[in-house]
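Let's take a walk through this structure together. Have the sequence and the 3D view open as you read.

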Amino acid sequence: MASPSRTLFDKIWDTHLAAPEKTEAPGLLYVDLHLIHEVTSPQAFSELEKRGLKVRRPDLTFATLDHATPTTPRAPGSLPIYINDAAKKQVERLEDNCRRHDIRLAGWSSEDRGIVHVIGPELGLTQPGMTIVCGDSHTATHGAFGSLAFGIGTTEVGHVLATQCLLQRKPKTMRVTVDGKLPRGVGAKDMILAIIAELGAGGAAGHVIEYAGEAIEALSMEARMTVCNMSIEAGARAGLVAPDATTFDWLRGRKYAPKGAAFEAAKQRWSKLKSDPGAVFDTEVRLDASRMAPMVTWGDSPDTAVPVSATTPAAAPGKAAEALAYMGFRPGHTLLGEPVDAVFVGSCTNARLSDLREAAEIMAGRHVKSGVRMLVVPGSEAVKRAAEAEGLDAIFKTAGAEWREPGCSMCIAMNGDSGKPGELVVSTSNRNFAGRQGKGVRTVLASPATAAAAAVCGAIADPRRILEASYAQ
Amino acid sequence: MLNEPITRIASRSFTLRDANIDTDQIIPARFLTTTERGKLGEACFCDWRFNEDGSKTAHPLNGVDPDAASILVAGDNFGCGSSREHAPWALMDFGFQAVITSRAADIFKSNAAKNGLVVCEIDEASHAALLDRAGEEVEIDVIGQTVTAGNIRAEFKLEPFARTCLIEGVDPMGYILAQDEAITRFEEARAA
Ligand code: SF4
């Protein structure tokens, strides 16, 4: 007999099977929210047309423009200038597909537009217990609300558009427990980089991670999103956190969240979404937050993260040596003091208001080192408005950074924002793969605070040094 | 609607030893602005194959004839990173029909299966041996789920439905559409 104790993941899974899994075929998983964007959807809509199919549930589908869109500052009402015609055509194709299929689109004229994983939660579209998919591997971000959220390919985007279902086999489960308290100056980005370094780039393949423990419970919603966002960098299918008071407080009053009595009823339901005490996970991993430090990556995979003052691996032939050679870093040396060419604060990992505040705290009263280019790209129109309302844009601009329009920007470098060959970029995004930020660009992943410290120092630096100086004053 | 069944692939191998070859390497993001299918061969591994000025690099990928060597043997954790289905599209447009590795990333595997790109995850010892024998004649038996190359014989396991789709040409979209009744029942039960 199956154990009556179930994990949070099991509970969501079990209530979303429209048809059970069989030996010879996967089950049919029903999707509550399908997020789409311009890059991974056009061929899916073409497939529907070819087969004469309609979108089954336009009401459960929501679209935005983010990946291929320019982030160059624009006067209100002026038109965006795309990197090329193909990008423009792609955006127009999505606009057209949404019109024809009656799908809500946070387009150019919408005050809701932004990076898909920033706006879903912001608008209250993302809710606990849901199944959420998007043609983008960082969809796990939404798992911060206790929803099962994962990335899919374009063929599957077509499946969901046409049937609202996906063929899925049940993944394995892993619990990552983070005990203790994060030290001052160490944040969620450092925590997830430490987790990925521990698990390895493929270490959680085939698994859904539940993040738990004192240090996770203490995180804000924004910080939980940063953690869940990068689950895929350890190979995980998804990552989630059980919803609690922090989650409910964050959701109350959001545009598409239930209102009034309906919210209270939903809260009752959501409160039951947690792993039973006796629930068994396929894999258990434990880390101690109190031992964590600001992290940076020395290689071309996110699992090459180390504390900022640690040294790179010692000289030894193999993958590490190749990665160090690509990055131009010496084996057995600290990265502190390594000169940087550009700094990027943005992406669905770290472009929410709290991230911009974290960077601004370092930048306030300081200046971007001459010769360094710094881009600050808010994750959404709403983040941009909120940041401007509290004067963060002024802090960045006064410091000599560029304050840009919302979008994926240098996270994916397909929209006009990219580094030049050989440049070293300290980036708050999620991938340091060779060429991810432009051909030949060397990417160091870090938190907003560490990125801002690098901008001020013109070199990789420990943000705690700068913060201590601020506190001392 | 049925696809072309794929039951057996025999070809010489081409090896890329690197581990963690991510989908940004397979197809850099700047090529993702396409709205069509079938034209991504040039973009496949573009930054490995071409210099800044568009001239070809010395990378072995520039010397491969995909008609003669259409089986890619690649390092561990192949296809990690972005969920872009453009990765299997690009590999297939380039001319590869199959990828043999010790482990492929989840989303990549799922995307590949839906496009008829056969992904064989084999045991580490056979994988290491195959990596050392570039240009070897390899036979992939999709029905029996075996890889044979000289004295190397390895098994792989496809997800059973992915295997059915490959060998019988079953169309997954059609398969889901056929369960319309179950989906409607599910929607009605939840609305109630
Ligand atoms: S910011 Fe980067 S990771 Fe996030 S959705 Fe955009 S391209 Fe994907």
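From which domains of chain A does the shell around the ligand draw at least three residues each? This is a predicted model, and in it the answer is domain 1 (8-168) and domain 3 (299-470), each of which supplies at least three residues to that shell.

Now look at the ligand's surroundings in detail. The residues around it are His67(A), Ile115(A), His117(A), Asp136(A), His138(A), Ser347(A), Cys348(A), Cys408(A), Cys411(A), Ile412(A), Asn430(A) and Arg436(A). Sorted by class, the shell holds five nonpolar, five polar and two charged residues.

An unreviewed UniProt entry lists Cys348(A), Cys408(A) and Cys411(A) under "binding site". These residues are spread over 64 residues of sequence, yet they cluster in space, with a largest C-alpha distance of 8.7 Å. Cys348(A), Cys408(A) and Cys411(A) are also included in the lining of the largest cavity. To find Cys348(A) in the view, go to the loop of chain A between β15 (342-345) and α12 (353-363).

Next, turn to chain B. For its residues 15-123, UniProt gives, in an unreviewed entry, "domain: Aconitase A/isopropylmalate dehydratase small subunit swivel". This span is 23% helix and 13% strand, and its end C-alpha atoms lie 16 Å apart.

How confident is the predictor here? Chain B has an average pLDDT of 93, and 99% of its residues score at least 70. For the model, the scores are ipTM 0.90 and pTM 0.94.

Key:
Residues numbered from 1 in each chain as written. Chains lettered and ligands numbered in written order. Predicted model: local features only at pLDDT ≥ 70, side-chain atom pairs only at ≥ 80, totals over all residues. Heavy atoms only, no water. Near = heavy atom within 4 Å. Nonpolar A, V, L, I, M, F, W, Y, C, P; charged D, E, K, R; others polar. Domains from an automatic or database assignment. UniProt positions renumbered as here; feature names shortened; annotations may be inferred. Helix = DSSP H or I, 4+ residues; strand = E, 2+ residues; numbered from the N terminus. pLDDT = per-residue confidence, 0-100. 1 Å grid on protein atoms, 1.4 Å probe; cavity = no way out; pocket = protein on both sides within 12 Å on 5 of 7 lines; lining within 4 Å.
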